[in-house]
Structure formats: C-alpha cells, structure tokens
Amino acid sequence: MTPAQFTSFASPLPDALCLVDITGQIIVANPAAVRLFAQDSQTLCSKTLFDLIIDEQDKLEQTLRIWSGSHDATPGVLQVRVRSGESIPCHGYGNLIQSRTDDGPALIMLRIVTREKFTQSFKALNEKIALLQREIMERRKTENALAYSKVQFEAVFNAIPDAVIFADTERRMMMNNPAVHAMFGFSDEELIGQKTEMLYADKQIFTDQGRRRFHIGSDPKTGAYEVQYRRKDGSQFWAETLGTQVKNRKGEIMGFIGLLRDITERKHAEKQMRESEQRLADAQRMTHIGNWELNLVSYELTWSDEIYRIFEVDPLEFDASYEAFLDAVHPDDRERVKRTYAESVKNKTLYSVEHRLRMPDDTVKHVVESCQTFYNDDNLPVRSIGTIQDITERVSMEEALRRSQKMEAIGQLSGGIAHDFNNQLGVIIGYLDFLKNHFPENEKPRQWVETATRATLRCMDLTRQLLAFSRRQSSEKSVVDLNASIKEMETMITRSVTPEVEVQYSLSGELWLAEIDPGGFQDVILNLVINARDAMPYGGKLLIETGNRCLDADYPNLNPDIESGDYVQLTLSDSGSGMDKETIEHIFEPFFTTKPEGEGTGLGMAMVYGFVKRNGGYIKVYSEPDVGTTIRIYLPRSAASDAVDSVSAGREIKLPGGKESILIVEDEADLLALADGYLEELGYHTRLAENAAQALEILAGGQEFDLLFSDVVMPGGMNGYELVSQVTRMKPDLKVLLTSGYTAKKITHDGLERFSANILAKPYRKPELAQRIRLVLDERMERVENRTNAHNTKECLEGRIILVVDDEEDVRELFKFNLERLGYKVIQACNGNEAIVLYQQSLESGEPVDAVLLDLSLPGSMDGKEVSDKIRNIDPDARIIVASGHTTGPEMTQYKDYGFNGALDKNFNREKIRQVLEQVLSPIP
C-alpha cells in the first residue's frame, strides 16, 4: 500500500489510523489521527510511535515486532499522549499491510480507537468497502494488483472486532470475518454459500428482516436493530445489528453487509433491572413505603408511585415539590419536620421522624420519614434521598392494643375485688338459704329472707359479670379456623413489622378447628408479632406456622402442664435478640417488661398467657440470647361435649347426696361452716381444715377420704393448686374439686389443668354444690369400671405378638411403648422386605404374629398395600391393621375394601390402640 492509497482509504474513517514502518516512524496519518495527536500532518509525521505512546521502550518494540509478523489485528491497551498534552487510554490495533521489500521497509497500519462510534464507523467502512470493491473489479486485469487489494481488504475486514457478514443478493454468505466464527461457533467452510437464515433463532425473523431491510427494489430501513440469533450448539443470544445494501459504481446492488454485536449481557442486565424495579414497586406498594429524591441545586423533587398513593394525589395532575410536601404535613408537625430536616443537612446526619399528614378530605395519616443528604467536593449539599412509610394502620392497631391492655389490667384489678366480695356473698346467700327453711309458718320473716335473697342474687350476678369481664369467659367463644384467621390478618401483620422484617407463613393444609375467642386470638397474634418486631430492630425473619398435634397419654410426663389429646398448634419463631432463662421465667407476669420505661406496659404476654389458659391450652417458650425466640401455643381441638346443666334457684328438686368422706379446705370461716352444713345435709361425712397445712396434717393421719373440696386462693404460703399437687402425689386416686371466685388466677403448677377445667365458681349454692360433688365422685366410679374392663381385656390379650412395620424409628418406639403397656409383645420391621421375612420366621417358629401394624408409606420398592398382599400370600388368615397419619385417605376410611382388617390413626392414643386391636383380635380363636 502506498501513502496515497492509505490516504484514500483512511481519510473518511472516524478512527485515528497511521501508517508506520518497523521502527515506529510515522509515514502518513489520516485526519482523525492528526486531530488527536498534533497541530498538523507534517508535525505528526515527524514523530515516531515512541513519541506518542507512553510505555516502556522494550514493550513497544516487542509490540511492533508482533504487528510486523502478523496480518491479524492484535488489540492492546495503550496509554497515549494526545494533542493537549494529556495522557489517555486507547485501544490499539496493528496490522501488517506490506512486508519488507527491496524498495522499502515493512509497513504497519495502526488503528487507535478512543471511543466506540459504531454506526459512524460502519457507514465509513461501508463506503470504503464499496470503494475497495470497485478497485478490486478495476484491478482484476492484473493478478498482482488483485491479490494486493485482497490482502488490503481482508486485513481491514478481519481487523473489525464486531462480527461482519457479507452476503450476496440471495443472502448467501460470501465472506465472514473471524469474529463471526467466534460468535456463532461455525467454521468458514460451514458458512460460505449458506443463507444467513441458519443463523437466525426463528425463520419468521429472517423473513421479516429480509422484507424490511434486504428487499431489492425498495428503500430499506436503516439504523441499528436487535435480533435474536442461534449458535451452532443451539443456544440463542441477542445481537445489535446494522444491515445495509452494498452497491457498485453503477448503483447496482451487489449484496448486503451486516455488522453484529452480542448484547446478551446487556439484555440480561436490562431484564434484571426491569424485574428489580417491579419488585421494588411491588414491595413499596405492599409495605406502603415510597422513596423520594430532592435536588438541592434545582430544588426539583422526584417521587415514586407509592408516595403519590400515600398522599392520595394524581401524578399527572400534581406537581411534586418540597413546598407541596410541607403543605401536606399536619400544621402541628410542620415546624418540627422542617427543623429536623434542616439540622440533618447542617450536621450531616441521617434522620428519621414520625409525623402526620393531612389529606385533602381532612383525614389524618401517620408516616415515618427517613432521609440522608449527600455533598459535593466543596462540602455543599447537592441532593437528599429518603423514604416515607404509611404507618397509619399500625398506629391505630397499637392504640387499640394499648386500650386492650389497659382493659385487661382493669379486669385483673376488678377480678381481685370481685373474688373477696364473692366470698362474703357466698356466706350471705348460704345462710339465707338456711333461714328460709326456719320460718315455714311465719310468712313475714320468710318474705324478708326472700327479699334479701333476691338482692344477694343480684349482687352475685354483678360480681359474675365483673369476673366474666376479667377473664372473658366462654360466652365469647366460637369455632375458629386458625389458618383463615391468620390469613385475614396478613396485611395487619405486614404493617405491624418494619420493612426489614421478613414474614413467612407455613400453614397446615388440613388444620383442625379450635373453639376459642376469635378476638382474643387476634390480640394474641398481634402481641406476639409486635414483640418479635421489637426484638429485631435491624431486621430478621418471623415465621408463623400452624399444625395438628396428637399428644398421647405419655406426653404429659415430659410436659406436665398439658393433657393428652388432639391440639391445634400455633408457632411463632423470630431471629431476634432472644431472652435468657431469668427473663423467660417472668415474661408472663403482669407489668413485667424488658422495654425501656414508657415504651411497654408489661401486659402483652400476660394477656397471651391468660387467653391460652382460658381456652384450655398450653404455651411453651424457647429462646436463647442473640439466637431468637420460638413460642408454641397448643389449643384443644374443637369437639362436642355435654354441658353441665345449672340448677334453677326457684325449682324444688331432690338434690343428689351420698355417704362418701369429704375433706373441706377453706380459709374463710363462715364459708367453711356453710360448706360443712350443705354437705352434712346431703349425707356426706365431712372433716374441716382452715388452710393447706392443716389439710396435709389430716391426710397424713391416715384417715381415708373420697374427695378433697378446696378453695384455690388461701393464705399461708400454699394455695389450692399447690395443695392438690402434693396431695395427688400422696394419694393418686383421691378425687379433687376446687372452688374459687377468681378463676383467672394463673396456674403455676404442672399437670393441674384437669382440676381448673372443672372448678366450681363462687359464690355457689347448695344445688350447684350437690350436683358438682356427685359428678366428680361418679366420674371416679366410671373410671374404676373402665380400668377394670381394660384390665380384663389386657388379661385376655396378654402376650399376643404384634409386628410393627414403619420406616420411622420414633414411630415404631412409640407404638412399642404403648403396646407393651397394654400387655402385648412387639417385634419391629423398618421396611417391607424385613416385615415379610419376620412374618415367615414367626410361622416357622411356632409363635406366629397375631397382628401386623403396617404403615402405608414405606421405603424401597414396596408400599404398605403390596407388603400386605405378600403377607396374605404367606398366610391368608393374617390380621393386618393399616396405620397412617392421613386419616381421610381411602385406605383408612374404607380399609376393608383394600384388604385390611382395621385402621389406626397415628396419634398414639393408647385407648384407641386397645380398641382397634381388641376389635381385630376378638374373638380369640
């Protein structure tokens, strides 16, 4: 290439191009290079690359040698000194244009790119390619000239870093640069002569682009466009494409040229940004948090969509400004907000302020605003960025909660007063009942007694109402689906926590129902959620779970506060600060709080505890400092039960009595005498004790009693529950009836809920006492009979062999524990193959298995049904009981249709196990 040819080729191009020899001497440069490096062309051509490129001489000489030995572009990052004297980084591309000849040195074309000008470079390149095409056609007469031009064109063509494809008028590929092979994975042999359709991800795209950009005879659309292509391995990617027609000197279309740049990463980043923006918008909408930015130079204010929703204005009609924001702030809070913001800008501190907004309809909202200001190099504030959260609902809920806690405290106080008053009313009404029968003939004194009785009954009604308020008793209960109640509260829960707290739910799909006070349950959830929020000031996770729990008769051995049975379990777990053991011991005490003074009432957990106990439930707390807290609440499963009919005071009926011995414990002397009088008239043998210590002395003396009738609240260091706790350890068969006028008192001893559930409320009258005493005593007789029957059954089934088949070791052990206590022998298998082998061995040994307790879901190739079929192949008379936790499955509800002899829920209820086995094994052959 001669300098003239180089000038003709390089002049139109926007990038800096120089023709240099092997020593680095600049021979000629295009205008773009002159503009970049020197005042004029002459000055630039007097320099060498060592004058322009700031780098180690050895490194530059090595780079020149590389360029002089290769026809391929070798990009490198160079630090060059430009015309202004500044040093800037550039990309350098060197290509050997002419090898050393006898007439001159080797020539290198150096391209220096300071910034990407994709479209401009392409247009200039397109024109040059057309020019080179013409030159090639004109030089076809001379093979040497043709070869020389081809080398030139290929050098430039191959030096372009983007993929370049030249296609004929049929869109068959005629020439591709190396970037095409790298981009698509095809070799030149696989591409040349093939239509570009093979590169498109979709044939329709190829057709549409041909119609819009490559159709001969029409004006094609110009400019860059995005197309989805397909690589050789089938993977697809996006590329920005420039495609245009290539014409000869006569204006005839010779073909088409396309430049492609892979933009997959950019598209992915754009998609991620869109998704991120959508997630942010969704999160802001859900949490009622909006973000804003205030330019402190132009005072232009920008709001997110959520702020417009909070302020209840239309973004198309409302001009967001700092003044408009201040106008919306409640007048009583406006100066405080302005002062807080000004101080934060002055002191360079973050701020968070809670204030009110006044809406266009004069309603008031509560918001929390946070802000941080940024400064320039001159330490001047340039912009403030902040958030606004609508906490109106949370403030309302907290106010309602404080009112509820206040009412609970009042209830506790009123309950205490009502307890003492009840004792006195009990004495009055009792002796009025006695007096009534002492004036059978004298009408006037009898009327006085009846009048006094009616007045006393009205007082009793008032105290009972007061006690009902203090303990919110069962009249407010209803059957509740805890899942539905929690779902109704999801919005409330979300707004009760900070945005940094992530709330997760894991609600059981087939949750049992519970009979509780729904309003009280919502108070419990709200209390626990707020406590969790306060324990995670810097954010964390809160998990709310529900589930069914079947607690067998042995569970209370480890958890004495709970009775066996079916429970609905509610669990709340947080990753907050946690509590130490000392704190856990006090959390249910009224007015105990770990919060700073003025920030907590100390009644929240007392309310939770009261709700659980009022509904016959159980609460358990697990916590460790800096780990978190888990609170589990067990509420009894809803089931129908027979209510005890109250006896009308005005109805004359024969009261039930008896000859049993009863120990009466009461610290109020008058009430003690009254109870003694009632029970003696009913035929019972009584003995009296004024406190718990005296009662223990009497019981230790050896006298046998059938029932202990005791007050709950007594002086002397031991209340009724503590007395019962000691007595039942001494005499497990002794029946107990407790009485109290203040049943909301916390039960502090394990295993005594069964007594508090059957408590006799004060003040009581003779009919109520008579029925309750008889009910408790008769219940003992029923249990004695049941125990006798169970004993007889155990004897007839003693020693029978049961094969338990289950892959869960804990399940097998629980079944074994219960079966052995029923008198059975147990062998175990963890899968179907082992079960079949054990059953076969039992037949061969002469001690056959009497019944198989078989799980439906087993590991390995056989499920429970297949194992059952194989055992029946061995022994057609085998007795097989299906055991599953899926109680509503067809194998359980229609077990006979599936070839089983019985079905047993996996609740490990010993009585149920006994009944099913008795049914399957009887009559004994």
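Trainee: What makes the side chains of histidine 355 and glutamate 369 a polar contact?
Mentor: They come to 3.2 Å. A polar contact is a pair of N or O atoms within 3.5 Å; within protein, one must be able to donate a hydrogen and the other to accept it, and residues adjacent in sequence count only if both atoms are side-chain atoms. At 3.2 Å the pair therefore qualifies. The model is predicted: local features need pLDDT of at least 70, side-chain atom pairs count only at pLDDT 80 or more, and totals for chains, interfaces and linings use all residues. Residues are numbered from 1 along each chain as its sequence is written, and side-chain values use heavy atoms, with hydrogens and water left out.

Trainee: Is histidine 355 buried or exposed, and how do you know?
Mentor: Its relative accessibility is 1%. Buried means under 20% relative accessible area, exposed over 50%, partly exposed in between (1.4 Å probe, protein chains only). Histidine 355 is therefore buried. The residue sits in strand 13 (residues 351-358). Strands are DSSP runs of E, at least two residues; helices are runs of H or I, at least four, and both are numbered from the N terminus.

Trainee: Which residues does histidine 355 touch?
Mentor: Among them are Phe325, Asp333, Arg336 and Glu369, leaving out residues up to four places away in sequence. Contact means heavy atoms within 4.5 Å.

Trainee: What class does glutamine 694 fall into, and why?
Mentor: Its value is 30%, so it is partly exposed. Glutamine 694 lies in helix 24 (residues 692-700). Beyond four places in sequence, it touches Leu688 and Ala689.

Trainee: How do you know how many disulfides the structure holds?
Mentor: A disulfide needs two cysteine sulfur atoms within 2.5 Å. No pair qualifies: the count is zero. Take cysteine 18: the closest cysteine sulfur, in cysteine 45, is 8.0 Å away, too far for a bond. Cysteine 18 is buried at 1%, while cysteine 550 is partly exposed at 28%.

Trainee: In what sense do strand 8 and strand 9 pair?
Mentor: Antiparallel, over six bridges. Pairing requires at least two bridges found by DSSP, so six is enough. Arginine 230 has glutamine 236 as its bridge partner. The two strands form a hairpin with five residues between them, and glycine 234 in the turn has a positive phi of about 95°.

Trainee: How many bridges join strand 9 to strand 10?
Mentor: Nine, again in antiparallel strands. Threonine 244 stands opposite isoleucine 257. Of the twelve residues in strand 9, nine are buried.

Trainee: What is the strand order of the open sheet of five strands?
Mentor: The order is 17-19-20-22-21, with mixed pairing. Strand 17 (501-506) and strand 21 (618-624) are the edges: each has a single partner strand, so one side of each lacks a neighbour in the sheet. Neighbouring strands are turned by 15° against each other on average, direction ignored. Strand 21 pairs antiparallel with strand 22 (residues 628-636) over seven bridges.

Trainee: At what angle does helix 19 run to strand 20?
Mentor: About 30°. Axes are lines fitted to C-alpha atoms, for helices over the stretch in contact, and angles run from 0 to 180 degrees between N-to-C directions. Helix 19 lies across strand 19 (540-551), strand 20 (565-574) and strand 22.
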